[in-house]
Amino acid sequence: MITLYTFGDSILDCGHYNEFGVHPGQLLVWNNDVLFPEFAGQDLSSRGPARLEHRAVDGATVEDLPAQIQGLRVEEPAIALITIGGNDLLQGLIQDTGRGMDVFANALNHFVQHLPIRPILLGNVYDSSLGDDSRNFLNIDPAIARKSLEQINTLIQEVANRYGQLVDLHAHFLTGDPSWFTAVIEPSLRGASEVRRAFLPYLGLSKQA
């Protein structure tokens, strides 16, 4: 039995943003072949016994991660998926001059370092404007926002390099379109599947793997 654990924010906890209650962790463990026939056989349960322990919470920031491991009892073998940072940006880091970014980096590093699960797949933060300034939803200069997004993704990359593997959601979502989002920034049903698509190769489940 392999257990897939999800930690973090709404990138992984987006089931309540679509009518089917689908989120990426579910699809990685058991694909919905009716909704996503393209991914039939590309899930952990197709390779053997698998279960999901979903701990990610919509709206979470890096400070919320320790609460997500309360009562954690890891069953081996296990894989951890983490997505964090988007809400930290929205709650102030988007205009941070440095101190807040350092606090974020230290908190994320501490959490990942001490998480008793390996391997760890750490997703970065996507740009829901798709690089288009006309889709800017913030009351700040898009250039400032993108610089902060780049900075936080660099910090996430550094933590991933130390303890696991980066999953580049940012690059993948720049190839997408507005149908990948709902409620401005949240993954839609299609978006949930695309988050899954980005993680698949690192689980050895994609057709190209």
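Visitor: Which residues of H4 are the buried ones?

Guide: The buried residues of H4 are Pro-142, Ala-145, Ser-148, Leu-149, Ile-152, Asn-153, Leu-155, Ile-156, Val-159, Ala-160 and Tyr-163, where buried means under 20% relative accessible area, exposed over 50% and partly exposed in between, with a 1.4 Å probe and protein chains only. They cover an arc of only 155° around the axis, which puts them on the same side of H4; the arc is that of the directions from the helix axis to the C-beta atoms. This is a predicted model, in which local features need pLDDT of at least 70 and side-chain atom pairs count only at pLDDT 80 or more, while totals for chains, interfaces and linings use all residues. Residues are numbered from 1 along each chain as its sequence is written, and side-chain values use heavy atoms, with hydrogens and water left out.

Visitor: What does the buried side of H4 pack against, and which exposed residues does the face turned away from it carry?

Guide: The buried residues of H4 pack against helix H2 (86-90), helix H3 (99-114), strand E4 (120-123), strand E5 (165-167) and helix H5 (169-173), contact being heavy atoms within 4.5 Å. On the face turned away, the exposed residues are Lys-147, Glu-150 and Asn-161.

Visitor: How do you know that the span of H4 agrees with its number of residues?

Guide: Helices (H or I, at least four residues) and strands (E, at least two) are DSSP runs, numbered from the N terminus, and the expected span of a helix is 1.5 Å times one less than its number of residues. For the 22 residues of H4 (residues 142-163) that gives 32 Å, and the end C-alpha atoms are 32 Å apart, so the two agree.

Visitor: What about H3: how far does this helix reach, and which of its residues are buried?

Guide: H3, with 16 residues, reaches 23 Å from its first C-alpha to its last, close to the expected 22 Å. Its buried residues are Gly-100, Met-101, Phe-104, Ala-105, Leu-108, Asn-109, Phe-111 and Val-112. Because they cover an arc of only 165° around the axis, they lie on the same side of H3. They pack against E1, E3, H2, E4 and H4.

Visitor: Why is Thr-83 called buried, and what polar contact does its side chain make?

Guide: The relative accessible area of Thr-83 is 0%, so this residue falls in the buried class. Thr-83 is found in strand E3 (residues 78-83), and its side chain makes a polar contact with the side chain of Asp-9 at 2.8 Å. A polar contact is a pair of N or O atoms within 3.5 Å; within protein, one must be able to donate a hydrogen and the other to accept it, and residues adjacent in sequence count only if both atoms are side-chain atoms.

Visitor: Is Asn-124 buried or exposed, and what lies 2.9 Å from a polar atom of its side chain?

Guide: Asn-124, in the loop between E4 and H4, has 5% relative accessibility and therefore counts as buried. The backbone nitrogen of His-170 lies 2.9 Å from a polar atom of the Asn-124 side chain.

Visitor: What makes E1 and E3 a pair of strands?

Guide: Two strands pair if DSSP finds at least two bridges between them, and six bridges join E1 to E3, which run parallel. In E3, Ala-78 is the bridge partner of Thr-3. Strand E1 (residues 2-8) is also joined to strand E2 (residues 50-54) by five bridges, again in parallel.
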